[in-house]
Amino acid sequence: VCMVFSGHYHPGGYAQRAGIHFVVFEGILEAPLDSNAYAVVEVWRNKALIRAYGVGSSREMLFE
C-alpha cells in the first residue's frame, strides 16, 4: 500500500506515515454553483500526482 484516499472532510487533509500517503479529499458542497470540483490522479512507478480542479488541493506524492 502506498496511498489511501478517502473523503470527504470539508477542509481536506493529508498525512504521510511509514511511507504511506493518506489523502482526504475536500468536501465539494462549498463549491460555487457555476464551477467544477473534481480531481484526477496520475500514478507512475515512483510517484502520484493529484490534479485538482475547482475547489481542492493538487499535490505530488513521491513513493519510497
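Two strands are counted as paired if DSSP finds at least two bridges between them. In this predicted model, strands E4 and E5 run antiparallel and are joined by seven bridges. Both strands belong to an open sheet of three strands, and Ile50, a residue of the largest nonpolar core, stands opposite Val41 in the pairing of E4 with E5.

**Sheet arrangement**

- The strand order of the open sheet is E4-E5-E6, and the pairing is antiparallel.
- Strand E4 (37-43) and strand E6 (59-62) are the edge strands; each has a single partner strand, so one side of each lacks a neighbour in the sheet.
- From one strand to the next, the twist averages 15°.

**Strand pairings**

- Strands of a sheet pair through backbone hydrogen bonds, in a parallel or an antiparallel manner.
- E4 and E5 are connected by a hairpin of three residues.
- Leu49 has Glu60 in E6 as its bridge partner.

**Nonpolar core and the surroundings of Ile50**

- The largest nonpolar core consists of five residues, namely Val23, Ala48, Ile50, Met61 and Phe63.
- Apart from neighbours within four places in sequence, Ile50 is in contact with residues including Val23 and Met61, both of which are listed in that core.
- Further contacts of Ile50 include Phe5, Phe25, Ala39, Val40 and Val41.
- Ser57, Ser58 and Arg59 are also among the residues in contact with Ile50.

Terms used:
Residues numbered from 1 in each chain as written. Predicted model: local features only at pLDDT ≥ 70, side-chain atom pairs only at ≥ 80, totals over all residues. Heavy atoms only, no water. Core = buried A, V, L, I, M, F, W, Y, C linked by side-chain atoms within 4.5 Å. Buried < 20%, exposed > 50% of the residue type's maximum accessible area, 1.4 Å probe, protein only. Contact = heavy atoms within 4.5 Å. Helix = DSSP H or I, 4+ residues; strand = E, 2+ residues; numbered from the N terminus. Axes fitted to C-alpha atoms, helices over the stretch in contact; angles between N-to-C directions.
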